[in-house]
Amino acid sequence: MTQRYIHKSRLFDWLLKFVRWRERHIKEGTFLLFLAFFVGIFCGLAAQVLKYLIHTISSTLTSHADAHSANYLYIILPTIGVVLAALFVRYVVKDNISHGVTRVLWAISQNKSRLKRHNTYTSLLASAVTIGFGGSVGAEGPIVHTGAAIGSNLGSMFRMSPRVLMILVGCGAAAGIAGIFKAPIAGMLFTVEVLMLDLTTVSVMPLLVASITSAVIAYTYTGYTFEFFFAQNTDFVIAKVPDVIALGVACGLVSLYFTRIMNMMENFFGRFQHPWIRTIVGCSILSGLVFLFPPLYGEGYESIMGLLAGDASSIVNGSIFSGDGNQAWFIALFILMIILTKAFATSATNGAGGVGGTFAPSLYVGCMTGFLFAYLCNYFGIGMELSTRNFALIGMAGVMSAVMHAPLMAIFLTAELTGGYDLFLPLLIVSTIAYGTIKLFEPYSIYTTRLAKQGKLLTHQKDQAVLTLLKMDSVIETDFLSVRPEMTLKEMVDKISQSNRNIFPVLNAAGELLGIVALDEIRNIMFRPDLYRKMNVASFMTSPPARILIGEHMDSVMKKFDSTGAWSLPVVDTRGHYFGFISKGRIFNSYRRVLRHYCDD
């Protein structure tokens, strides 16, 4: 124990010496590029480890699956994986690591971009077990959580400021996407559209360095190939633009369904007080759906590759319906059921205690939607003959764009995943239309809804972002002298002589705010000794124009100041207990400090 303490102490001393040396000899911007480079390396390696673990576990467990009949192992395997992940999280990690992207957003807006050390590996391990055993989720959310934690902890190790930590968190998230998808441009755009970090002269180079480095690591390990093989068999012609527009609307509506079902199921699982009841219910839903529809097993990338290759009949392989794989109407019905049940399978996996994201499920649903759209149009002879391969790829961009509210990322991610750059125009169209469609119904993405409702979401709007970063604790003033309602005017005048404030909170014995006394409002009676014993505070106190609740979002606080025209307002809790005052002047000073600290280029 003593040796370990000595070792840690020496390491700490060495780090402090290095930090001081760096401050003297290396500019912060230059050192940030070095850190971004190492973030890219670590995140690229983490992505490859995650992919290897998922592939190894999944291939080992399903190598003997029969493609021509039902496989009852699909009832057991997802349950085992979710239970193992739940045990790991509850008894080893002892922390909530689900909703990885949302937790990164929360850390940026509420915790000065600091993530715990265990986040650098716990999400990776838990998601590998969850997905490898058949959990119907994606690995991209966990790798974003892992990458962001790597960036945050590496920056914290070298005592970087919160502004730099925010950039490093973005670098880690971008590198995670770039490493697992081989998509450096999409990784950088992810931080802009989903994490909502601004591209500035300070942040653009670190994001590029981290993304490119991670992608190079991925290409080094897996070869210079695309994640999904795609061979375009039919050229896209302008005459098919109306079909693409219709697909964009369809993708937007499917995304709305996917998002609403995910939110509904999250609320459903939140009603169960005991965690193991949630696990039993979630595993029952998941196992039943995976058994009926085996393409829901794991990430579902094999099904995506099958549809991109134009092989529709393989979608029913391994299910109890495998004998109906040659019937066109049944294939369409089977794919439709997969689209409708994927959200239930994904939310059941996470609700039961598994760890995974919605990245892969949105890609999966998009591929199915695009394929089914073209398949049905061809089956019923609607319009021109459509390429199911092309529309499967285009659909991937459409649903991802709408679910994540990230059209640019969806366009480039789909192109980088498949090499489908020849379809760039329809990718642009369908992503834009799908995004516009869902925006009519859902103002926030599946990741940002929870934080937006709590007023804790950091956005590209500078005023809103700074108010989100501004903490109420930093602006509450507590040096106001309080008075009691039964105090006489003479005692009130004595309090005034002891204070340098012109407002006095009136409190009862329980510390509850009853009202306020403003110096300007009693100035006409302050110098009348004949009233000193006749009047008490209760007779001249007034109600404040508004009260601020402790923990209230600063945006709401500013609206109260604007509506009342007040300069200072009292802060209370839900029971009316007094905490202090907040003034416009204190807010403006803190606002300028935070704006200068976080937005300095």
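**Residues and helices, by question**

Visitor: Which helix is the place of P162?
Guide: Helices are DSSP runs (H or I, at least four residues), strands likewise (E, at least two), both numbered from the N terminus. P162 has its place within residues 162–181, in helix α7.

Visitor: What kind of model is this?
Guide: Residues are numbered from 1 along each chain as its sequence is written, and side-chain values use heavy atoms, with hydrogens and water left out. Local features need pLDDT of at least 70, side-chain atom pairs count only at pLDDT 80 or more, and totals for chains, interfaces and linings use all residues, since this is a predicted model.

Visitor: Does P162 count as buried or exposed?
Guide: Buried means under 20% relative accessible area, exposed over 50%, partly exposed in between (1.4 Å probe, protein chains only). P162 has 16% relative accessibility, so P162 counts as buried.

Visitor: What distance separates the C-alpha atoms of P162 and K112?
Guide: Along the chain, these residues are 50 residues apart.

Visitor: Which side chain makes a polar contact with the side chain of H118?
Guide: H118 sits in the loop between α4 (100–110) and α5 (122–132). H118 counts as buried because its relative accessibility is 17%. A polar contact is a pair of N or O atoms within 3.5 Å; within protein, one must be able to donate a hydrogen and the other to accept it, and residues adjacent in sequence count only if both atoms are side-chain atoms. At 3.5 Å, the partner of the H118 side chain is the side chain of N119.

Visitor: Leaving aside neighbours within four places in sequence, which residues is S287 in contact with?
Guide: S287 lies in helix α11 (residues 275–292). S287 has 4% relative accessibility and therefore counts as buried. Its side chain joins that of T79 in a polar contact of 2.7 Å. Contact means heavy atoms within 4.5 Å, and beyond those neighbours S287 is in contact with Y74, I75, P78 and T79.

Visitor: Why is α12 roughly parallel to α14?
Guide: Axes are lines fitted to C-alpha atoms, for helices over the stretch in contact, and angles run from 0 to 180 degrees between N-to-C directions. Angles under 35 degrees count as roughly parallel, over 145 as roughly antiparallel, 65 to 115 as roughly perpendicular and the rest as oblique. The axes of α12 (residues 301–308) and α14 (residues 359–380) come within 10 Å and cross at roughly 30 degrees. That angle makes α12, relative to α14, roughly parallel.
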